[in-house]
Every structure is written in structure tokens, then in C-alpha cells.
Amino acid sequence: EIVEYNRLYALGDDTISDRLALMQRKKDDLLQQREALDKALRLLDHKIFCYQRAVDTGVLSWDDPNYKV
């Protein structure tokens, strides 16, 4: 993407709309990656919660009505 951006930049102002589209696609990609990471972190937080509760109670249970993926 950086190479493509640099190529477009070198071609001049006629490629401004192409560069904008490239940046918008990159932003969309990053937002999707962030969503996937946020979901993975929520799952990890849930597992940590369950294991901490197991340490405290002596019972490992995955049930948690407050957990939402």
C-alpha cells in the first residue's frame, strides 16, 4: 500500500482521488482489524474472569450472564 501510495504521489495531483480512495480502504481494513482484536480481547477478559473466579471459589465455570461476545 505504501508503494502504491508513493507511486500515485509521484504521478502528481491528478491522483489525489486515487490516493484518497487508497487511504479510505486502509482505514476500513484497520477498523476491521480493530474489531477482530476487540472481540479477541473480550474473550480473553472473559476467560481471565472465569479463571480468577475459579481461584477464588475453587470452581471453574464458563457461565457468566454479563458476558457478551
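This passage describes the fold, surface and selected side-chain contacts of a predicted single-chain model. Residues are numbered from 1 along the chain as its sequence is written, and side-chain values use heavy atoms, with hydrogens and water left out. Local features need pLDDT of at least 70, side-chain atom pairs count only at pLDDT 80 or more, and totals for chains, interfaces and linings use all residues.

The secondary structure comprises two helices and zero strands. Helices are DSSP runs of H or I with at least four residues, strands are runs of E with at least two, and both are numbered from the N terminus. The radius of gyration of the chain is 22 Å, well over the 11 Å that the globule rule gives for 69 residues, so the chain is more spread out than a compact globule. This radius is taken over C-alpha atoms, and the rule is 2.2 Å times the number of residues to the power 0.38. Along its principal axes, the C-alpha trace spans about 65 × 20 × 10 Å.

Of the 69 residues, 12% count as buried. Buried means under 20% relative accessible area, exposed means over 50%, and partly exposed lies in between (1.4 Å probe, protein chains only). The chain exposes about 6000 Å², of which carbon and sulfur atoms supply 58%. Accessible areas come from the Shrake-Rupley method with a 1.4 Å probe; for residues, only the protein chains shown count as cover. Contact means heavy atoms within 4.5 Å. Among contacts with a separation of 6 or more, residues 24 or more positions apart account for 21%. The chain carries 11 positive and 13 negative side chains, and the centres of the two sets lie 2 Å apart. Lys and Arg count as positive, Asp and Glu as negative; His and the chain ends are not counted. Each charge is placed at NZ of Lys, CZ of Arg, CG of Asp or CD of Glu.

Helix α1 is hardly covered: one of its 10 residues is buried. Just after α1, G12 takes a positive phi of about 100°. T15 is found in the loop between α1 and α2. T15 is buried, at 7% relative accessible area. Leaving aside neighbours within four places in sequence, T15 is in contact with L8 and Y9.

The model holds two aromatic pairs. Rings of Phe, Tyr and Trp (its six-membered ring) pair if their centres lie within 6.5 Å; planes under 30 degrees apart count as stacked, over 60 as edge-to-face and the rest as tilted. Y5 and Y9 are stacked, at 6.3 Å centre to centre and 20° between the planes. Y5 and Y9 are four residues apart in helix α1 (residues 2-11), separated by about one helical turn. An α-helix has 3.6 residues a turn, so residues three or four places apart point the same way. Y5 is partly exposed, at 28% relative accessible area, and Y9 counts as exposed, at 53%.

Y51 and W62 form an edge-to-face pair, at 5.5 Å centre to centre and 75° between the planes. Y51 lies in helix α2 (residues 16-57) and W62 in the segment after α2, so the pair ties together parts that are 11 residues apart in sequence. Y51 is partly exposed, at 45%, as is W62, at 42%.

C50 also lies in helix α2. C50 is buried, with a relative accessible area of 0%. Leaving aside neighbours within four places in sequence, C50 is in contact with L60, S61 and W62. The C-alpha atoms of C50 and I2, 48 residues apart along the chain, are separated by 43 Å.
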